[in-house]
Amino acid sequence: MIAKLSKLALGLSLVTASTLTFAESITFDSHVKQDTDTLVLFYGENGANTSFKNFDKQSNGQLTKAIKAADFKGKYSNTIEVLAPNNIDYQRIVVIGTGNKALSKSTATKLGGNLSAKLEKSQIKTVTVAADDLANNAETAALIAHGINLRAYRFENYFKEKRHEKSFYFDVDNAKATRKAYKPLSYIESGVFLARDLTSETPTEMTPVDFAKAAKELKKYGVKITVFNPKQLKKLGMGALEAVGRGSSEGARLVVAHYKNSDEAPIAIAGKGITFDSGGYNIKTHSSIVHMKSDMAGAAAALGTVKALAMGKEKVNVVAVMGMAANMVSENSVAPGDVLTTAQGLTVEITNTDAEGRLVLTDAMWYAREKFNPRILIDVATLTGSKVRAVGNEYAAVFSEDDNLVKQLTMAGKEVNENLWRLPLGYKSALKSGIADLRNTGSSGPGATTAATFLQQFAGDTKWAHIDIAGNALASSSKGEVPKGGTGFGVRLLTEWILENK
Ligand code: BES
Ligand code: MN
Ligand code: ZN
């Protein structure tokens with residue numbers, strides 16, 4: 001409440017910065033904190049909010065004058081900044097528009113991200129957010145805090161100067177209810193940040209063995225981790241995954257992360273985990289090869305999802321099966337023209353060594369189905385440049401024969417600003433080989449679809465969807481709640497979908 005001027009003790013800080021990543025310190029209380037440098041006020045298009053009116057009065061109408069001068073109308077995410085306001089102790093007041101309707105899950109999160117971006121300057125260290133006049137303010141404030149934290153994340157392992165953490169003090173009606181609403185979001189942040197860390201890390205420091213090591217960190221949340229080395233993969237018959245790993249000295253790994261807190265059949269997530277994609281002998285010749293450290297983002301999203309669910313002690317049964325390899329050039333690398341045998345038994349002619357993601361996924365999908373008999377299998381992969389050309393990087397592409405599954409996934413994505421667009425399966429005849437059961441690239445047809453149809457041959461009769469996140473995994477510029485670099489795309493979408501459909 002605005003009227004309460006009492007100083008308060010620091011509330012519970014739910015988010016602490018880890019050594020790798022960076023987020024803000026967030027506190028919820030039912031007071032306005034007086035001694036921060038910055039105050040944030042909300043303003044809807046349908047008229048000024050209560051806090052704005054109160055501070056406007058205190059400043060003898062300065063805020064009203066300022067918004068008039070800036071022609072500010074409260075449009076969604078528009079902001080004005082008033083420096084050194086009259087009769088008010090804060091150094092600055094930032095007024096942010098909330099638009100002409102109540103904030104939803106997706107718009108509140110994005111607003112938090114945009115607000116975070118506005119407050120990036122280094123002289124801002126402590127921020128009071130007057131959120132008690134927002135509709136449904138416990139949930140809404142929690143989502144805004146979520147957006148702030150998601151956007152404030154930095155991967156700063158390699159910078160000499162580290163960014164300073166900001167402290168946010170939210171004034172809400174019911175601090176307890178807000179903390180309760182924020183808690184599951186803080187676990188999702190942890191899952192997203194893990195996926196971003198793994199994706200942004202350099203190819204030399206994030207090999208299949210390093211990834212397996214990172215997965216083992218989840219044991220402390222009750223996740224069972226199993227790792228298979230190349231010798232074990234061969235024994236299990238995983239000739240495709242093993243072959244893609246052959247070009248690097250460490251070789252491939254299959255990493256399995258199982259979080260079981262329900263007796264239902266599991267949901268399985270197969271992740272493409274190429275820690276660097278040189279293309280192999282069909283080497284990549286474009287400068288965009290520099291982005292190929294992020295070719296393990298599908299595996300990172302799978303692991304991040306398991307982390308978020310396990311930290312939240314959610315009553316679900318989820319297993320991530322991640323096919324990890326570095327697609328490198330060496331005398332041991334798989335060669336164009338080679339024929340591999342997948343664990344499922346189908347043989348594949350290698351018509352292009354750069355179509356390696358679908359190869360590691362065949363064996364990951366086989367393992368998921370064979371060992372876990374999942375009720376649904378989703379694979380997530382930075383699979384094709386063709387997908388980027390088709391729908392760009394504001395959508396990921398989803399492929400499935402199951403209309404309802406596509407609908408569920410698409411709706412979950414909308415809630416969290418991770419949008420999906422459906423593309424068709426088909427063109428199976430383009431995968432015919434003269435020497436093996438399949439070829440690994442389509443002889444004709446759209447590339448994203450022929451890749452998806454290749455994977456479909458390994459889904460058997462399991463309810464299955466393929467999500468191509470090429471272009472979504474690594475952002476070249478910041479937007480909304482997603483800063484540039486590894487995005488963790490898929491963690492929020494999959495967590496939302498699993499929790500909404502359990
Ligand atoms: N990892 C790439 C796909 C990719 C491209 C991801 C751009 C992110 C951004 C994948 O392994 C690949 O190289 N795909 C080839 C397939 C082709 C050889 C049939 C492609 O899309 O060009
Ligand atoms: Mn490739
Ligand atoms: Zn690749």
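Trainee: Which residues does Lys284 touch, not counting residues up to four places away in sequence?
Mentor: In this predicted model, Lys284 touches Asp277, Ser278, Gly279, Ile289, Met292 and Asp354, where contact means heavy atoms within 4.5 Å.

Trainee: Before going on, what should I know about the model and its numbering?
Mentor: Residues are numbered from 1 along each chain as its sequence is written, and chains are lettered from A and ligands numbered from 1 in the order in which they are written. Because the model is predicted, local features need pLDDT of at least 70 and side-chain atom pairs count only at pLDDT 80 or more, while totals for chains, interfaces and linings use all residues, and side-chain values use heavy atoms, with hydrogens and water left out.

Trainee: Which residues does UniProt list for "active site"?
Mentor: The unreviewed UniProt entry lists Lys284 and Arg358 under that heading, with positions in the numbering used here, feature names shortened, and annotations that may be inferred rather than shown by experiment.

Trainee: Where is Lys284 found?
Mentor: Lys284 is in the loop between strand S10 (267-277) and helix H9 (297-311), helices (H or I, at least four residues) and strands (E, at least two) being DSSP runs numbered from the N terminus.

Trainee: And Arg358, is that one buried or exposed?
Mentor: Arg358 is buried, because its relative accessible area is 7%, and buried means under 20%, exposed over 50% and partly exposed in between (1.4 Å probe, protein chains only). Arg358 lies in helix H10 (residues 357-372), and among the residues it touches are Leu383, Asn440 and Phe454. Lys284, by contrast, is partly exposed, with a relative accessible area of 25%.

Trainee: New topic: where does Thr202 lie?
Mentor: Thr202 lies in the loop between helix H5 (175-200) and helix H6 (208-216), and it counts as partly exposed at 25% relative accessibility. Leaving aside residues up to four places away in sequence, Thr202 touches Tyr158 and Lys293.

Trainee: How many helices and strands does the chain have?
Mentor: The secondary structure comes to 14 helices and 20 strands, and buried residues make up 58% of the 502 residues.
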